[in-house]
Amino acid sequence: MTCLLLVSACVSTTPKHPLSTSAKQTKTKVGIVPPHKKISSWAYQLQNPKVAALAESPYDLLVVDYSKDGSDEKRLSPKDISILHKFKKTVLCYFSIGEAEEYRFYWQNDWKKNQPGFLGPENKDWTGNYKVKYWREDWWEKGLRPYLDRILEAGFDGVYLDIVDGYWFWHEQGMEVRDTADEMVKLIKRIADYTRKKAGKNFIICPQNGIGIFKDCSPEYKEVYFKTIDMVGLESLLFNYHSEEDKNYRLQLAKQLAEAGKTILDVEYIEKSQYADYLKQVKALDFKLIPYGSTQDAALDSITDFWKFRK
């Protein structure tokens with residue numbers, strides 16, 4: 001994939017999303033509102049992000065991969081992220097913490113034959129992705145910490161943590177759910193401490209899915225979880241869910257997080273014709289949720305403009 005060269009002078013500004021707020025710093029009685037509190041729209045793209053399209057998009061917050069194609073050679077540069085900042089974007093980096101991905105820079109070719117202690121079975125649904133024993137120090141040293149250093153070097157505003165629900169996988173392998181949930185919360189806290197020490201206290205921590213973790217962990221780790229995270233990302237909360245029971249359970253948990261001051265992001269993989277109904281359902285909720293409609297194939301290979309199709 002070719003790299004798009006861009007300077008800020010050659011990109012025209014785009015009117016803000018109809019649901020967006022001003023990106024200016026907002027002062028309160030206790031100081032400046034943290035960046036994630038000003039977000040009212042978001043977008044999610046992992047495949048082949050183009051800086052120009054991201055900059056011109058009407059969304060406040062962007063979740064992208066650290067690389068244009070997943071490789072270290074095509075990783076986004078500090079210049080790329082600074083351009084997005086000039087266009088008042090808050091940029092989170094997608095970061096898988098519960099699985100190892102064989103196309104990432106940290107992967108070693110002999111791992112399939114000589115598996116490191118942290119490496120678990122391959123994900124049957126995603127070739128080249130392997131469950132990891134995320135509580136192990138060698139996973140931190142060989143995979144996570146070097147990855148975080150690249151994220152920090154590029155200047156991202158936070159991390160969007162995927163495979164948090166890996167804690168449930170290891171529970172299904174026979175481990176106590178409280179233990180696996182506690183270990184995942186510990187890891188999220190470790191990531192937060194490491195990044196905020198280097199990037200500042202406003203570095204955003206946003207787990208994706210695994211929303212039941214604060215019910216499954218120990219009470220003391222529930223408190224740690226709530227103190228650590230800023231936002232929560234969810235997929236298929238209102239469409240394409242497993243069951244009505246699962247939907248209602250996740251909605252209850254999302255409401256608890258929202259009432260605790262956490263920003264709730266949701267992405268639905270739907271057709272454009274469903275977007276108006278999606279917004280209607282969001283409006284009917286008894287807590288605040290920031291919606292994003294992506295394509296039905298869940299490819300996350302473009303920034304959608306579904307908001308134009310509101311009725």
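Let's start with a pair of neighbours: strand E12 (residues 263–269) and E13 run in the parallel sense and share 5 bridges. Strands here are DSSP runs of E with at least two residues, helices are runs of H or I with at least four, and both are numbered from the N terminus. Two strands count as paired if DSSP finds at least two bridges between them. The model is a predicted one, so local features need pLDDT of at least 70 and side-chain atom pairs pLDDT 80 or more, while totals for chains, interfaces and linings use all residues. Residues are numbered from 1 along each chain as its sequence is written, and side-chain values use heavy atoms, leaving out hydrogens and water.

**The sheet**

E12 belongs to an open sheet of 3 strands, ordered E11-E12-E13 with parallel pairing. Its edges are strand E11 (231–235) and strand E13 (290–294), each of which pairs on one side only. From one strand to the next, the twist averages 20°; axes are lines fitted to C-alpha atoms, for helices over the stretch in contact, and angles run from 0 to 180 degrees between N-to-C directions. The table sets out the two pairings.

| Strand pair | Bridges | Opposite residues |
|---|---|---|
| E11 and E12 | 5 bridges, parallel | Leu 234 and Asp 266 |
| E12 and E13 | 5 bridges, parallel | Val 267 and Tyr 292 |

**The helices across it**

Which helix lies across E11 and E12? That is helix H8 (residues 244–259), running at about 160° to E11. Helix H9 (residues 275–284) lies across E12 and E13, at about 160° to E13. E11, H8 and E12 together make a right-handed β-α-β unit: with the strands pointing away from the viewer, the path from the first strand over the helix to the second runs clockwise.

**Burial and cysteines**

E11 is mostly covered, with 4 of its 5 residues buried. Buried means under 20% relative accessible area, exposed over 50%, and partly exposed in between (1.4 Å probe, protein chains only). Cys 93 is buried at 0% relative accessibility, and Cys 217 is buried too, at 3%. The disulfide count is 0, taking a disulfide as a pair of cysteine sulfur atoms within 2.5 Å.

**The whole protein**

Overall, the protein has 9 helices and 13 strands, and 53% of its 311 residues count as buried. Among contacts (heavy atoms within 4.5 Å) between residues at least 6 apart in sequence, 73% join residues at least 24 apart.
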